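Trainee: I'm new to this one. Can we go through what the terms stand for as we look?

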Amino acid sequence: MKYMNKEEFEKANMFGTGVPNEKFAQYFIGDSFLNPLTKPGETPVFLANVTFEPGCRNNWHIHHAESGGGQMLICTAGEGWYQEDGKKAVSLHEGSVVYIPAGVKHWHGAKADSWFSHVAFELPGENTQNEWLEIVSDEEYNKL
């Protein structure tokens, strides 16, 4: 379901919007918010609810790992996009699940006309790291 009204979206956003995602703001077009659901180091998997304002998306990026690693997204509120390099963008909505293997170049974010949230699971692996790449241009994004 699409939400342009933030108050209505907040009612559906079961894991909460959290705080402005300032640490990673340089890798996003638009405003995103982060609500950690687990504390780093206390559990083997880091979980966070990531919220995107309408039109917000992250840069192309790759989750690297020598073994294991990658990411999973469970979409919880609103509507968004996920795209792997060289493939068509996939429409996301509440209940969509995306598995992103380590080494796959991709981006994800909100649709232009909806707030969007997903729980991000950083999958355990050896020597994991993210490589942030180029922005998803307005021209690319507006074609969706």
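Predicted model: local features only at pLDDT ≥ 70, side-chain atom pairs only at ≥ 80, totals over all residues.

Trainee: What makes E134 and K105 a salt bridge?

Mentor: Their closest N and O atoms are 2.8 Å apart, and the cut-off is within 4 Å, so the pair counts. The two sit 29 residues apart, E134 in the loop between β14 and α2, K105 in the loop between β10 (97-100) and β11. Those helices (H or I, at least four residues) and strands (E, at least two) are DSSP runs, numbered from the N terminus.

Trainee: Why is K105 called partly exposed?

Mentor: Buried means under 20% relative accessible area, exposed over 50%, and partly exposed in between (1.4 Å probe, protein chains only). K105 has 21%, so it falls in the middle class. E134, at 40%, is partly exposed too.

Trainee: How many salt bridges are there in the whole structure?

Mentor: The search finds 6. One of them joins R57 and D138, with the closest N and O atoms 2.7 Å apart. That pair links distant parts of the chain: R57 is in strand β5 (residues 57-58) and D138 in helix α2 (residues 138-142), 81 residues apart.

Trainee: Is R57 buried or exposed?

Mentor: Buried: its relative accessible area is 3%. D138, at 47%, counts as partly exposed.

Trainee: What about E84: buried or exposed?

Mentor: E84 has 17%, under the 20% limit, so it is buried. E84 also forms a salt bridge with K87, at 3.1 Å between the closest N and O atoms.

Trainee: How do you know that strand β11 is largely enclosed?

Mentor: 5 of the 5 residues of β11 (residues 106-110) are buried, so the rest of the structure largely encloses it.

Trainee: What makes β8 and β11 a pair?

Mentor: Two strands pair if DSSP finds at least two bridges between them. Strand β8 (residues 71-84) and β11 have 5 bridges, in the antiparallel sense, so they qualify. Within that pairing, E84 stands opposite H106 in β11.

Key: Residues numbered from 1 in each chain as written. Heavy atoms only, no water. Salt bridge = Lys/Arg side-chain N within 4 Å of Asp/Glu carboxyl O.
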